[in-house]
Amino acid sequence: MTWKYALGLELEDPGFDASVLSEFRSRLVAGDLTCLALDALLERLAGLGLVRAGGRQRTDSTHVLGAIRMLNRLELAGESLRAALEALAVAAPGWLAGVIDGSWQQVYGARIDNLHLPASQAGRQDLMIRYGTDGYFLLDQVHGPGAPAWLRELPAVQALRRIWIQQFCREISGGRQEVRRREKLPEGDGLPPGTDQLISPYDLDARHGVKRGHGWGGYKVHFTETCDAPGTHAGAGPGRGDRPNLVTGVATTQATVADSAMLTPVHQQLAQRQLLPGEHLVDSGYPSAELVIHAARVFGITLVSPLRLDNSAQARAAGGYDKAAFTFDFDARQATCPQGTASSSWTRYRQRQDEAIMVSWPATACQPCPARQLCTKSRRRQITIRPRELHEALTSGRTQQTSAQWKARYNARAGIEGTMRQATHVTGLRRARYLGLPKTRLEHNIAAAAINMIRMDAYWTGHPLDRTRSSHLARLDFTLTA
């Protein structure tokens, strides 16, 4: 009955069988229709003039907890092996019974939980080695000539193989094998980078992320919404005010993907929808000098974001000679210090895959300089700068962001926090409902479409959205007892 109402069907309509909705999300993902609902809604809103290109938009990200249990390394190893055994017990029970004995049931028959693991460090280390040895034995049997070839294609077996590569190291010599847990270099055999490290056998896309000292396991989602100044677009019809801010883009990534790596994909997504803004407000985690120039040159977007300040010792001291105190002549390939001394060398080199310039002053001029304490503690001053275009973009951006006019312009970015709260509290976006990045991405796009519909309903009916609720205790008036 609810579906008939939602689809506008007559009550006498036979409707559809419940099996139509079976694996519905999987079919959407397989057909690359993850953004179908949001794209259709934005196309309709664009036709009504409620969203458009060239306005002002803002973007921010928030963490998403995966639909998994957080595991330490010992739990991860044990649970991965148990999951593979469970899958094999279902797929090939006769084969598995001929490979293992009854003792495996006692160790892996129930979920691996930290509460039931050894308390001593020595006991946990011994158990980890047993997990590793048993896991290698099982993988050898699955890939052996007597096992059906399709067993090694089971997702749980594939997960076990990948996790064992990341967690253990095995050496075979003289018919004997040594299994040990991987540790960080240089003492150990090395661990994979966080971008590749699996944290659960049930969701191979989830990663462990850290942002502002907060760690989580799962994903990260970026929301982009319109934020034109009040009065820019007056609403049509009685009782309607300014047009609502509407979500124009959603991007879901693994938790380890940096915000700066998503700025260009966000712009590409908006370009595909023909909704590129003229001005884009983001926090300092997104831009760099390269991205500021790229956004302007390729997409015609003006990025409004605080660029990270000079973090040199002189800049932190607030009274020293930082980079801004020096003048750089790129045509003459020479720089001048605040005391008027010209540089002695101008060297181009690469710094972490980026082009950079090392500018140095002669030690004969720096050592007797009366302002040396404000400049450097070494024998001479050396400064690293970016190529001309990037250097000028950084200098201009850092100068502008200190003005009151720029700060007033940037204040509009703060409103995206309300959208993040609506997404997490109304649509339940904080914790993923499904396993895997594709279905999580689908969930977030549907959540964005729902937020837009909630806001459009409030706009069309003339009912403002509820403001942040406060508890009865927060509203308590102590003046009544005075």
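**Entry 1: a first question**

Does Asp259 count as buried or exposed? I looked this up before anything else, keeping in mind that the model is predicted. At 7% relative accessibility, Asp259 counts as buried, because the cut-off for that word is under 20%.

I then checked the partner of Asp259. Its side chain meets that of Lys211 in a salt bridge, with 3.3 Å from N to O. Lys211 sits in strand 4 (residues 207-211), while Asp259 belongs to the loop between strand 6 (247-254) and helix 9 (263-272), so the pair ties together parts that are 48 residues apart in sequence.

**Entry 2: stepping back to the whole**

Next I wanted the overall picture. I found 17 helices and 13 strands in the protein. The radius of gyration is 30 Å, well over the 23 Å that the globule rule gives for 482 residues, so the protein is more spread out than a compact globule. I also noted the span of the C-alpha trace along its principal axes, about 85 × 75 × 60 Å.

How much of the protein is buried? I read off 41% of the 482 residues. The exposed surface comes to about 26,900 Å², and carbon and sulfur atoms supply 54% of it. I looked at contacts too: among those between residues at least 6 apart in sequence, 66% join residues at least 24 apart.

**Entry 3: charges and salt bridges**

I turned to the charged side chains. The protein has 58 positive and 46 negative ones, and the centres of the two sets lie 6 Å apart. The count of salt bridges is 25.

I picked out a few more of these pairs. Arg388 forms a salt bridge with Asp331, and their closest N and O atoms are 2.7 Å apart. This pair links distant parts of the chain: Arg388 is in helix 14 (residues 388-400), and Asp331 is in the loop between strand 9 (327-329) and strand 10 (334-336), 57 residues away.

Glu178 is partly exposed, with a relative accessible area of 42%. I noted a network of salt bridges as well, which links Arg69, Glu75, Glu79 and Arg82.

**Entry 4: a buried asparagine**

Which residues does Asn445 touch, leaving aside those up to four places away in sequence? I found Thr34, Cys35, Leu38, Val250 and Arg273. Asn445 itself is in helix 17 (residues 437-461), and it is buried, with a relative accessible area of 1%.

**Entry 5: backbone details**

Last, I went through the backbone. The peptide bond from Leu185 to Pro186 is cis, with omega near 5 degrees. Pro186 lies in the loop between strand 3 (176-181) and strand 4.

I also looked at positive phi values. Asp32 has a phi of about 55 degrees although it is not a glycine. I located Asp32 in the loop between helix 2 (24-30) and helix 3 (36-47), where it counts as exposed at 67% relative accessibility.

Arg333, also not a glycine, has a positive phi near 55 degrees. Arg333 belongs to the loop between strand 9 and strand 10, and I have it down as partly exposed, with a relative accessible area of 41%. Asp331, the partner of Arg388, is in the loop between strand 9 and strand 10 too.

Notes: Residues are numbered from 1 along each chain as its sequence is written. This is a predicted model: local features need pLDDT of at least 70, side-chain atom pairs count only at pLDDT 80 or more; totals for chains, interfaces and linings use all residues. Side-chain values use heavy atoms; hydrogens and water are left out. Helices (H or I, at least four residues) and strands (E, at least two) are DSSP runs, numbered from the N terminus. The radius of gyration is taken over C-alpha atoms; the globule rule is 2.2 Å times the number of residues to the power 0.38. Buried means under 20% relative accessible area, exposed over 50%, partly exposed in between (1.4 Å probe, protein chains only). Contact means heavy atoms within 4.5 Å. Accessible areas come from the Shrake-Rupley method with a 1.4 Å probe; for residues, only the protein chains shown count as cover. Lys and Arg count as positive and Asp and Glu as negative; His and the chain ends are not counted. The place of a charge is taken as NZ of Lys, CZ of Arg, CG of Asp or CD of Glu. A salt bridge is a side-chain nitrogen of Lys or Arg within 4 Å of a carboxyl oxygen of Asp or Glu.
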